[in-house]
Amino acid sequence: SLPLPSSMHLIQVDSVQRWMEDLKLMTDCECMCILQSKPISIEKDEQNELILSSQYSTCDNLQLLLKRAWIISTELTRIAQKLEKNRWQRVHSMTVRVNCHVRSMVNEYNTFTRSPSEEMHQFEKLLIDKCSEFTAFTERCLQTEDEEILKSMKSCINETLTTVAQYFGQLIELVLTHEAQNLLRQIELSGSLYVTESAISSLFSLAQEGAHLCRIIAKEGGVVALFKICRQDCFRCLYPQVLRTLASICCVEEGMHQLEKVDGILCLADILTDNSHSEATHAEAAAVIAQITSPHLTFTQHLSSFLENMEEIVTALVKLCQEASSGEVFLLASAALANITFFDTMACEILLQLNAMKILLAACSNKCIVDTPYSRDQVVTILANMSVLDQCASEIIQGNGVQLLMEMLFEKSSSGNSAEVAACERVQQKSAVTLARLSRDPEVAEAAIKLSCIPRLIKLCRSPTERNNSDSVLVACLAALRRLAVMSPDGLEDADFQQLVKPRLVDSFLLCTNMEESFV
């Protein structure tokens, strides 16, 4: 397969919208190829250049460059596919188009970039020359029908295509590195609030383009520069924007290394515990904490310094949950808390001491604050992880938590959106897990039985649509049902006991996964 640059990724938008946007970049390239690669005037018209370069912001120019690069990347893949099928006419016309796009991209980039390196110019020339050679090759293929000649030329074209893709990938890498360096230089050297804000905004847009760009920004010292801003009071109004950019960059290992080097966790703890900061700043700091403590990350070396500051961070996050003025703020603070409870049981003990259970349960009754399945997912994750502690049972009873867990077993998506459906499944699964764990305590089990948890768990086990065909929900419900059945054997019909409780869990699981709806 063709080695295309990993910095390209398809922006998830509506396909018609994508096509409309791309149309203006995909005009009749064959006709315009020569025109686009020549300047309009021979004299160096500096005023004209100024108009061109100031027409768009750096952010817009980079977006244009990335779109153009995405089109080239897509075209190169399509050429490889047409080449496989020996569609010579299509291969040639697409090669001419790529040639044009490459020249346009290079010219567009050179109109707005500042002081490009000699290495960049060399790669531009290499790429343009190789594209011309590529076009000449494919044109020659149209002039012969001799199978043997075409066969031998095919391997040459394949080789050239691979080289074009390689040069293209290296040039894009250099360009993006150069732009990241320029933006970071602006952030480092500018004393102006406006220039710094503009550079941070462009950096954030770059970071949204995927992990590869986050790695480039981190490698060029992006995390260091941003934390430097977070330590200067004169830039306080930019803190939310800076922290949002940091959360994006810290999704990659290089970002974490940088965070560790500059004592970033201590800086985040200081921001979270400083009451003079705005709620927006606290919320974005919580988002960075949520990012760096994500259970999905495979690199955890930064967590040693996190443990040193954990108590004050957890305390600040609980306070943020309690005082949250919107669902978004609550979601960010609770997501950070949920992640923290995964990697250290000490966090659960701190939460217990801080009366967090009561605060979270109270928040759930406020539909303006806990307003989505995503927020309920965070809350029930914290409850599930805290439920391993024996003292949790009495807290749950006092806060009417069993009622909440029962309601969560009915979680359904209102939109049908796949992310929301997945969140609903997680809520159902974790509420069943929490019930199973807490039902060790007879008082919790009794409350659950009184609230008709057993019939609901049976329904979830027997009806695949109730659990959206989720196996993880089924396993959790079987476990909770078995725990409650020990406390109340009379609460089950004989058929339910024989099929869902008595056999080995794996046998009940297999029975339920093969069950038809009509069986219910």
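A cavity here is a set of points on a 1 Å grid, over the protein atoms alone, where a 1.4 Å probe fits but cannot get out, and lining residues have an atom within 4 Å of a point. Two elements give two or more residues to this lining, namely helix H5 (88-112) and helix H7 (147-189). Helices are DSSP runs (H or I, at least four residues), strands are E runs of at least two, and both are numbered from the N terminus. Sorted by class, the lining comes to seven nonpolar, no polar and one charged residues. For that sorting, Ala, Val, Leu, Ile, Met, Phe, Trp, Tyr, Cys and Pro go down as nonpolar, Asp, Glu, Lys and Arg as charged, and the others, Gly among them, as polar. The volume of the second largest cavity is about 40 Å³, where volume is the space filled by probe spheres set on the points, with grid points joined across faces, edges and corners. The count of cavities of 30 Å³ or more is two.

A word on the ground rules. This is a predicted model, in which local features need pLDDT of at least 70 and side-chain atom pairs count only at pLDDT 80 or more, while totals for chains, interfaces and linings use all residues. Residues are numbered from 1 along each chain as its sequence is written, and side-chain values use heavy atoms, with hydrogens and water left out.

As for the chain as a whole, its secondary structure comes to 27 helices and zero strands. Of its 520 residues, 52% count as buried, meaning under 20% relative accessible area, with exposed over 50% and partly exposed in between (1.4 Å probe, protein chains only). Take the contacts (heavy atoms within 4.5 Å) with a separation of 6 or more: residues 24 or more positions apart account for 75% of them.

Helix H18 (residues 356-364) has seven of its nine residues buried, so it is largely enclosed by the rest of the structure. The buried ones are Ala356, Met357, Ile359, Leu360, Leu361, Ala363 and Cys364. Threonine 434, in helix H22, is buried too, at 0% relative accessibility. Leaving aside residues up to four places away in sequence, threonine 434 touches Val380, Leu383, Ala384, Ser387 and Leu405. Cysteine 424 is buried at 5% and cysteine 453 at 0%, yet the structure holds zero disulfides (pairs of cysteine sulfur atoms within 2.5 Å).

Now for the loops. Aspartate 441 sits between helix H22 (418-438) and helix H23 (442-450) and is partly exposed at 25%. Its side chain reaches the backbone nitrogen of glutamate 443 at 2.8 Å.

Positive phi turns up in two non-glycine loop residues. Aspartate 263, in the loop between helix H12 (253-261) and helix H13 (264-273), has phi near 55° and is partly exposed at 44%. Asparagine 468 has phi of about 55°, lies between helix H24 (453-462) and helix H25 (471-487), and counts as partly exposed at 38%.

Note on methods: 1 Å grid on protein atoms, 1.4 Å probe; cavity = no way out; pocket = protein on both sides within 12 Å on 5 of 7 lines; lining within 4 Å. Polar contact = N/O pair within 3.5 Å; in protein donor to acceptor, adjacent residues only side chain to side chain.
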